[in-house]
Structures are given as C-alpha cells and as structure tokens.
Amino acid sequence: TICYNGLLQSRGILLSSTISIEQLVHNSDDPVLKGLLAQMKELQTQQNPGLGRAVEALEQRILSTLPQYGNFMDMLNITIDSVGCSLKAGDAAIEFMKVPSEEVDTEDACKYVALVMKKGYTAPRIIELCHGGDLKNDTDHDLYYRKVWKPLAKELGGIKRIFFSPDGRLFSLPIEYSIMPTKQSIMDKYACYRVSSTREIVRKKAQTGVDAALYGGIRYDMSVEDMVADAD
C-alpha cells in the first residue's frame, strides 16, 4: 500500500499539475489570468534562457491567483483507497514497477513487479514478473506475454478492463499488443488503457478546452548528454 501510494504521487506529477493549472485557468473565465498564462506560454516557446526570470514571475502571479478557483494539487490527495473506490467490477489497475538489484546496478539485473488493484481489494497484490534482461528484443512472438502477462493470468481472471502504468523498459514496449497462445493480442481480450499513473482513473472526468499534443517514438532512456547532442 505504501509503495502504491508513492507511485501515485510521483508518476507524471509535473504533467498532471501543468494540465490542472491550465484547466483551472480555462474554467475561471478570468481574462487577466488567461492573459498571464498566454504570456507565459509565449515566452516559454521562445526557448531563451534570458527570459527565465520573466517566465518565473508570470508563473508566480498565476499561482498566487489560482487558489480562488481551485486547488491544482488535489491530485496529491489521491490514494490507493481512491483508486479502489473508482474501480468497477471487471476492472484492474496495475502499477508496473522496476526494482533495482542490490547486487548489480544494471538495467538487465533489475526485477519487474506488478502491483494489482481490483474492486474490493484493501491492498494491492504484488506479482513478480521478470528481470530487465528478459525484456530485450527477441524473435519470440510471445515473449512479452510470457514475461509480463502470463504471471498475471490468475489476477486477470474475470477482468474486462485493464488500466496500467508502465515503468523502465515497459515504457517503450508495446506490451498491450502481446500475442497470447490463442493468437489473440492482449488488446483483443481486454480493453487496455496505458496511463501515466492509475491516479487518472480517479481524475477521469472529461476535460475540455485544453489542447493536446501527440508524440511518438519517445526515448525515455535518454541521458542528459544524449538530449544535448540531439538538441544541437
């Protein structure tokens, strides 16, 4: 339970708080607040380090005004109990987690586990899956099923919808399209929803008025040096 709550509070927190701020500003109908947000976003697009203080000043003005319209940090109050109450019969919420090895500090040596919550559970079930080295690209068409989903088969009995938040190598692997022995993919059997955090199950009310950006081929394992080289 402690581990699950920690994952809920840490995953995607920057993105979620940014979205919440923009949503509150949009719903406020405050022209001054909307103007400040527009100015801040315009300065951010210029990517000029010299504008950092101006951006920070605008951000502080927005944050000082925002509380009268709502608390954009409400997401920090979402706990495993909130997730459990939001699940319906036939739902499963899975937080995948990479656990570092105590002996060898490498990606291959780390262990992957799944923390599974279902309707009626008072605490998550922890299922050991595999090691990082087992998830390397392989010619086996059912590799990801055997290493990720097969250990969860018992927990997924009677399940229709799966909300899952990946970690480590699972970020860049299409595990929801894993091929089962029946030749179906996981997506054929379950309605799968990949989320930044299962916190989103609680915060799933429709949001309007916020632009969306779609990105593909994201490299989650880039080092700072790689990013600088890419930017250059």
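## Charges, burial and salt bridges

Biologist: What's the charge picture here, and how far apart do the centres of the two sets lie?
Modeller: This is a predicted model, to be clear. The protein carries 27 positive and 31 negative side chains, with the centres of the two sets 9 Å apart.

Biologist: Why is Asp 91 called buried?
Modeller: Buried means under 20% relative accessible area. Asp 91 comes in at 4%, so it counts as buried. You'll find Asp 91 in strand β1, residues 91-99.

Biologist: What makes the pair Asp 91 and Arg 161 a polar contact?
Modeller: The cut-off for N or O atoms is 3.5 Å. Their side chains make the contact at 2.8 Å, so the pair is within that limit. The side chain of Asp 91 also has a polar atom 2.9 Å from the backbone nitrogen of Lys 88.

Biologist: Which residues is Asp 91 in contact with, leaving aside neighbours within four places in sequence?
Modeller: Met 117, Lys 118, Lys 119, Ile 159, Arg 161 and Phe 163.

Biologist: How do you know that Glu 22 and Lys 41 meet in a salt bridge?
Modeller: The rule asks for a side-chain nitrogen of Lys or Arg within 4 Å of a carboxyl oxygen of Asp or Glu. Here N to O is 3.4 Å, so the pair qualifies. Glu 22 sits in helix α2 (residues 13-28) and Lys 41 in helix α3 (residues 31-45), so the bridge ties together parts 19 residues apart in sequence.

Biologist: Why is Glu 22 called partly exposed rather than buried?
Modeller: Buried stops under 20%, and exposed starts over 50%. Glu 22 has a relative accessible area of 21%, so it falls in between. Lys 41, at 34%, is partly exposed too.

Biologist: What makes Asp 108 and Arg 169 a salt bridge?
Modeller: N to O is 3.0 Å, against a limit of 4 Å, so they pass. The pair links distant parts of the chain, 61 residues apart: Asp 108 is in the loop between β1 and β2 (111-118), and Arg 169 is in the loop between β4 (161-165) and α7 (186-189). Asp 108 is partly exposed at 30%, and so is Arg 169 at 21%.

Biologist: Which residues are linked with Asp 108 and Arg 169 in a network of salt bridges?
Modeller: Lys 98 and Glu 107. The side chains of Lys 98 and Glu 107 meet at 3.1 Å, N to O. Lys 98 is partly exposed at 30%, as is Glu 107 at 26%.

Biologist: How many salt bridges does the count come to?
Modeller: By this rule, 15.

Definitions and conventions
Residues numbered from 1 in each chain as written. Predicted model: local features only at pLDDT ≥ 70, side-chain atom pairs only at ≥ 80, totals over all residues. Heavy atoms only, no water. Lys, Arg positive; Asp, Glu negative; His and termini not counted. Charge placed at Lys NZ, Arg CZ, Asp CG, Glu CD. Helix = DSSP H or I, 4+ residues; strand = E, 2+ residues; numbered from the N terminus. Buried < 20%, exposed > 50% of the residue type's maximum accessible area, 1.4 Å probe, protein only. Polar contact = N/O pair within 3.5 Å; in protein donor to acceptor, adjacent residues only side chain to side chain. Contact = heavy atoms within 4.5 Å.
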